[in-house]
Protein chains: 2
Amino acid sequence: MYSGEELLRPALMTDLYQLTMAAGYCLSGGNGEAVFELSVRSLPEYRSYLVAAGLEQAVEYILHLRFAPEEIEWLRSLPAFRDTPEVFFRFLADFRFGGDVWAVPEGTPVFGGEPIAEVRAPLAQAQILETFLLSVMHVQTLVASKASRVVDAARGRGVVDFGSRRAHGPEAGILAARAAFIGGCAGTSNLWASRAFGIPAVGTAAHSWTLAFPSEAEAFARYHALFPDSTVVLIDTYDTLQGARNALRLGAGLRGVRIDSGDLRTRSREVRKILDDGGLERTQIVASGDLNEYRIAELLREGAPIDLFGVGTEMVTSRDSPSLGMVYKLVELEENGRTSFRAKFSEGKETCPGRKQIWRFRDEHGCCLQDEIGTPEDCPSAGAAPVLVPIIERGSLTYRFPRLTEVREYARAERDCLPARLRLLEAGPGYPVRWSAKLEDRFGQLRGSCPAPQPRQERETD
Amino acid sequence: MYSGEELLRPALMTDLYQLTMAAGYCLSGGNGEAVFELSVRSLPEYRSYLVAAGLEQAVEYILHLRFAPEEIEWLRSLPAFRDTPEVFFRFLADFRFGGDVWAVPEGTPVFGGEPIAEVRAPLAQAQILETFLLSVMHVQTLVASKASRVVDAARGRGVVDFGSRRAHGPEAGILAARAAFIGGCAGTSNLWASRAFGIPAVGTAAHSWTLAFPSEAEAFARYHALFPDSTVVLIDTYDTLQGARNALRLGAGLRGVRIDSGDLRTRSREVRKILDDGGLERTQIVASGDLNEYRIAELLREGAPIDLFGVGTEMVTSRDSPSLGMVYKLVELEENGRTSFRAKFSEGKETCPGRKQIWRFRDEHGCCLQDEIGTPEDCPSAGAAPVLVPIIERGSLTYRFPRLTEVREYARAERDCLPARLRLLEAGPGYPVRWSAKLEDRFGQLRGSCPAPQPRQERETD
């Protein structure tokens with residue numbers, strides 16, 4: 001078992017400006033200890049909570065980031081670095097992350113404006129990480145959040161990830177499989193993700209299998225002969241009901257049938273009846289084909305006898321909200337031995353200065369009541385617990401990453417602790433998140449007379 | 001220069017069922033010569049044409065696909081392959097693609113129902129390629145198509161890709177940078193993509209740079225001292241107009257200022273006036289921040305004096321249509337020395353049997369009039385030219401991939417040949433694509449009395 005070490009993470013997978021700025025910090029004497037905060041500005045339109053994911057790949061990147069000699073040589077050839085002094089290239093050649101990282105554990109529900117991760121390191125070091133960190137945490141948080149809704153909508157029926165072919169590239173399929181598992185999926189069709197992350201590999205057969213034999217019945221029989229314990233036949237290649245009758249011939253050992261087209265509600269009922277009448281009461285019905293949380297909820301509301309949902313495109317692309325406003329912002333900087341707060345006031349994109357902690361209030365049953373974003377030092381009350389935990393200290397990993405099955409279980413338990421209204425598919429009133437009085441003061445002092453904008457409760461709309 | 005050889009492409013980046021089916025074909029004697037067709041079922045809601053992209057990475061995958069011993073060992077450990085005879089694992093160990101691939105050249109406009117690529121190989125070989133092929137061609141076709149709209153909307157002003165941080169993972173950022181360049185972007189912020197594909201690397205500076213210094217004016221001066229020829233300062237960290245006045249102090253050598261927030265129309269005008277009044281008529285204005293083709297068109301309609309657009313999230317996630325219904329379907333199979341046509345009749349997902357060619361009709365100026373999807377052998381008339389070309393023959397590359405700048409130029413020229421209505425941002429009547437009489441007959445014969453459904457002209461809607 002490994003955690004994605006073989007994933008692509010060369011040092012040049014970053015934006016040009018991260019390196020021009022890093023050069024500037026190295027050369028301008030402005031390379032003090034900095035704190036950057038990674039957060040999602042506000043929840044997207046169709047989400048009432050997010051599920052944090054991607055930390056493990058982010059941490060592997062941070063700990064292993066090195067600039068190879070040929071990468072540095074190539075950088076020298078760019079017009080931007082034509083006259084850059086040698087000290088910057090030495091900085092790159094010697095690069096080892098030596099700072100601290102705090103983060104919320106994977107699987108934790110998070111909300112708009114909350115710090116999901118915090119990097120404390122010399123400015124140039126912390127700056128360089130931005131692009132990759134955002135990229136790998138953005139996609140996994142995006143997909144884990146979507147998957148959590150899909151799995152929740154299935155009310156205990158299994159959901160498996162079939163999305164690799166339409167994820168945004170091969171690596172995206174792998175990252176999505178991992179995130180979907182965190183969000184509650186039971187397995188993935190992606191073999192690389194299965195091997196790397198220990199996610200159960202699942203699969204049925206494609207239409208091409210049925211088309212490859214003279215008859216559907218023969219195609220089914222051949223498959224069953226080869227994989228007698230795990231046969232799930234796809235019955236909609238020609239005619240779904242005839243397909244179900246052909247499946248009957250395989251007998252009671254048939255594990256399942258899959259329906260991938262047509263009106264799934266009607267077809268699943270008709271197929272269930274054919275199977276039951278034929279004595280295959282234990283044969284499961286798997287449904288697939290452009291499924292999402294809304295369609296699954298509707299099918300179950302209508303009583304469709306579907307046992308397992310194969311979900312692909314809609315989940316792995318988070319199709320109704322295919323991006324998050326995830327940002328990585330400088331909030332604190334040490335200069336001449338003195339720490340000062342930093343915030344930008346860009347219209348509609350203001351940031352809140354200083355290191356922070358999420359303080360989560362729960363009732364006596366553990367149910368989440370509200371969050372206060374405050375300073376790390378000041379616990380607002382005995383009822384509040386900190387959510388961000390130390391991950392890397394002085395360049396060394398001090399956090400024990402749980403197994404992915406543990407992350408998945410934790411995410412499920414935490415979802416169960418959310419207010420019920422957040423689990424409705426239609427977005428209602430959001431979860432209460434406020435800034436502490438101290439943070440408000442800090443923002444006011446930095447900006448002058450302006451009142452501090454609170455974390456945005458409203459969702460983004462297009 | 002290389003074309004992405006270092007991208008991730010292990011053999012296990014595929015779906016489980018591709019390998020169970022491949023095992024079945026190897027073991028069932030059903031491993032005849034097959035033809036699979038890759039196409040997009042129908043255009044998504046907000047697209048009137050697609051730009052084919054991703055072929056080069058698909059071909060590299062096909063030519064280099066090998067199963068490593070440790071991958072095969074891991075497969076043996078899966079429950080599905082517990083009893084699988086050795087002949088299948090030998091097939092994997094010896095895997096070399098030995099078939100043919102035809103495809104439309106990258107940058108070619110394509111439409112719903114048209115074959116974008118065709119793989120002809122022994123069934124098991126062709127089957128295994130499905131997941132990776134779809135994945136790498138789907139994301140690039142998706143992003144190239146979106147970028148083409150964005151660039152077209154900019155009416156000659158430059159568009160650059162700033163999207164790596166919110167693409168669906170690090171590799172997706174790279175693939176998106178490549179596809180966006182094919183779609184017409186002038187550069188990318190992604191250094192890995194710049195190095196691998198020869199795309200110009202572009203970048204400005206982030207808010208953190210400004211926040212890192214005691215004053216904005218000092219931050220600007222420091223940057224300009226380091227990068228005098230390429231300084232583009234970000235002026236909206238505190239107050240955009242004051243930022244513009246601070247930028248003035250850098251003098252006429254200032255290449256550009258970037259505005260990333262607020263009302264870009266008003267701000268760009270105010271900033272233009274400050275720059276012009278200060279004698280910086282040649283300093284460019286770069287705009288960024290949740291831009292897409294609609295916002296760019298609106299800004300230009302309103303006369304916003306913006307010279308360059310930095311486009312990120314909306315383009316690299318193809319946010320309004322974040323997936324395509326791209327499929328890979330068996331259309332022909334040789335059995336006992338006799339070739340027969342294959343098609344599935346699944347409700348709403350019927351496929352059209354047999355090998356095909358796109359025949360494109362043009363007027364005397366080269367403008368595209370209509371397409372006929374027909375057999376490869378039968379050119380419908382003297383005015384029609386074939387669009388699919390041979391790429392791999394008997395396992396060897398016979399196609400010369402053009403340089404990416406040539407692909408970009410070709411894509412631009414081909415876009416100029418499309419009917420003007422297809423380039424409107426709002427989807428109107430689509431481009432006419434019909435099946436040839438021969439294909440219709442073939443479908444009818446296979447299905448019996450049913451009439452052949454024509455390629456879908458209508459767009460998908462949610």
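In the predicted model, strand E9 (residues 256-259) and strand E10 (residues 284-288) of chain A pair in the parallel sense over four bridges. Strands pair if DSSP finds at least two bridges between them; strands (E, at least two residues) and helices (H or I, at least four) are DSSP runs, numbered from the N terminus. A:Ile259 stands opposite A:Ala287 in E10(A). Both strands belong to an open, parallel sheet of six strands in chain A, ordered E7-E6-E11-E10-E9-E8. Strand E7 (187-188) and strand E8 (232-234) stand at the edges with a single partner strand each, so one side of each lacks a neighbour in the sheet.

Residues are numbered from 1 along each chain as its sequence is written, and chains are lettered from A in the order in which they are written. Because the model is predicted, local features need pLDDT of at least 70 and side-chain atom pairs count only at pLDDT 80 or more, whereas totals for chains, interfaces and linings use all residues.

Chain A is divided into domain 1 (16-143 + 323-447) and domain 2 (153-316), with bounds from an automatic or database domain assignment. Their C-alpha centres lie 38 Å apart. In all, 13 residues of domain 1 are in contact with 19 residues of domain 2 (C-beta atoms, placed from the backbone, within 7 Å). On the domain 1 side, helix H6 (130-153) and helix H15 (404-416) each supply at least two residues. H15(A) gives the most, with five.

Seven of the 10 residues of helix H2 (residues 55-64) of chain A are buried, so H2 is largely enclosed by the rest of the structure. Buried means that 20 or more other C-beta atoms, placed from the backbone, lie within 10 Å of the residue's own. Among the buried residues are A:Leu55, A:Tyr61 and A:Ile62. Their cover includes strand E5 (115-122) and H6 of chain A.

Methods
Two residues are in contact if their C-beta atoms, placed from the backbone, lie within 7 Å. A residue is buried if 20 or more other C-beta atoms lie within 10 Å of its own, exposed if 12 or fewer, and partly exposed in between; C-beta atoms are placed from the backbone.
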